[in-house]
Amino acid sequence: MIDELEVEAGPLARWQVHWCDPRREVSWYAADPVLAGLPTLAEWAHAHGTQMGQPVLLRADGWSVPEVNGFFASARMRNASAGTRRKYAFAVAVWLGFLDAAGRAWHDANEEDLAGFKFWRMTDEANVRRVAGGTVLDDLIAISAFYRWAGFRFGVSDPVARRQVPGPDPGTVTESFEAGPHLVRGKDMAAGARPYVPAGAGPGW
């Protein structure tokens, strides 16, 4: 089922991103006495609607979190382009790795956690792989999509708060992310923002 392993670069990347390949033949599957008589991997995939290239995220300990992977099996993600699925998978994986380092559960994350994530991604000198605002905006879109899906099913809140801003046409309004990365680096530096360091995290986390 899992065809290729790709891990987001960087010391914080504890979550692994894999890609499903239901057509793949696994030699040991049929020979395993525990699995004898059970459906093949391709049959399991067909029964559960698993598609080629569907992302599967695993924690650092190798465990799958059904609530997380349920999002990537959802109708929204099945209908998304391969590029969107890939972008969302890595964004959510990096976010979950950040929460793990901070000792926070994904279902308890709040706006303060998101602010720390944004600071770490863009500004924190302890992060040797800082990114530009456009990448953080992509992260926010993916993270919010995950939480909005999870909110209906598990009652969790979306930590990506929104605010209303003037729209493109006079008298109209639109939504924007409260944590949107406009001039974040300059504001943080000017305000003397301190790095967000999770409890127990070592140098270069």
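This is a predicted model: local features need pLDDT of at least 70, side-chain atom pairs count only at pLDDT 80 or more; totals for chains, interfaces and linings use all residues.
Figure 1. The protein chain holds eight helices and five strands. It has 205 residues, and 41% of them count as buried. Consider contacts between residues with a separation of 6 or more: 54% of them join residues 24 or more positions apart.

**Figure 2. Close-up of the largest nonpolar core.** This core has 38 residues. Those with the most contacts inside it are Leu-57, Phe-72, Trp-95, Leu-96, Trp-106 and Tyr-147. Two or more residues come from each of these elements: strand E2 (16–20), helix H3 (66–72), helix H5 (82–102), H6 and helix H7 (133–154). H5 gives the most, with eleven residues.

**Figure 3. Close-up of Leu-57 and its contacts.** Residues up to four places away in sequence are not counted here. Leu-57 touches Trp-15, Gln-16 and Val-17, among others. Its contacts also include Ser-64, Val-68, Asn-69 and Phe-72. Ala-89, Val-92, Ala-93 and Leu-96 touch Leu-57 too.

**Figure 4. Close-up of helix H5.** H5 has 21 residues. From its first C-alpha to its last it reaches 30 Å, close to the 30 Å expected at 1.5 Å a residue. Of the 21 residues, 15 are buried, so H5 is largely enclosed by the rest of the structure. Just after H5 comes Gly-103, with a positive phi of about 70°.

Figure 5. H6 covers residues 111–122. Its twelve residues should span 16 Å at 1.5 Å a residue, and the end C-alpha atoms are 16 Å apart, which agrees. Asn-110 caps the N-terminal end of H6. A side-chain oxygen of Asn-110 lies 3.0 Å from the backbone nitrogen of Glu-112. H6 is mostly covered, with nine of its twelve residues buried. The buried residues are Asp-113, Leu-114, Gly-116, Phe-117, Lys-118, Phe-119, Trp-120, Arg-121 and Met-122.

**Figure 6. Close-up of the meeting of H5 and H6.** Two packed helices are described by the angle and the distance between their axes. The axes of H5 and H6 come within 11 Å and cross at roughly 110°. An angle of 65 to 115 degrees counts as roughly perpendicular, and H5 and H6 are therefore roughly perpendicular to each other. On the H5 side, the residues that meet H6 are Val-94, Trp-95, Phe-98 and Leu-99. On the H6 side, they are Asp-113, Leu-114, Gly-116, Phe-117, Trp-120 and Arg-121.

Note on methods. Residues are numbered from 1 along each chain as its sequence is written. Side-chain values use heavy atoms; hydrogens and water are left out. Helices (H or I, at least four residues) and strands (E, at least two) are DSSP runs, numbered from the N terminus. The expected span of a helix is 1.5 Å times one less than its number of residues. Buried means under 20% relative accessible area, exposed over 50%, partly exposed in between (1.4 Å probe, protein chains only). A polar contact is a pair of N or O atoms within 3.5 Å; within protein, one must be able to donate a hydrogen and the other to accept it, and residues adjacent in sequence count only if both atoms are side-chain atoms. A nonpolar core is a set of buried Ala, Val, Leu, Ile, Met, Phe, Trp, Tyr and Cys residues joined through side-chain atoms within 4.5 Å. Contact means heavy atoms within 4.5 Å. Axes are lines fitted to C-alpha atoms, for helices over the stretch in contact, and angles run from 0 to 180 degrees between N-to-C directions. Angles under 35 degrees count as roughly parallel, over 145 as roughly antiparallel, 65 to 115 as roughly perpendicular and the rest as oblique.
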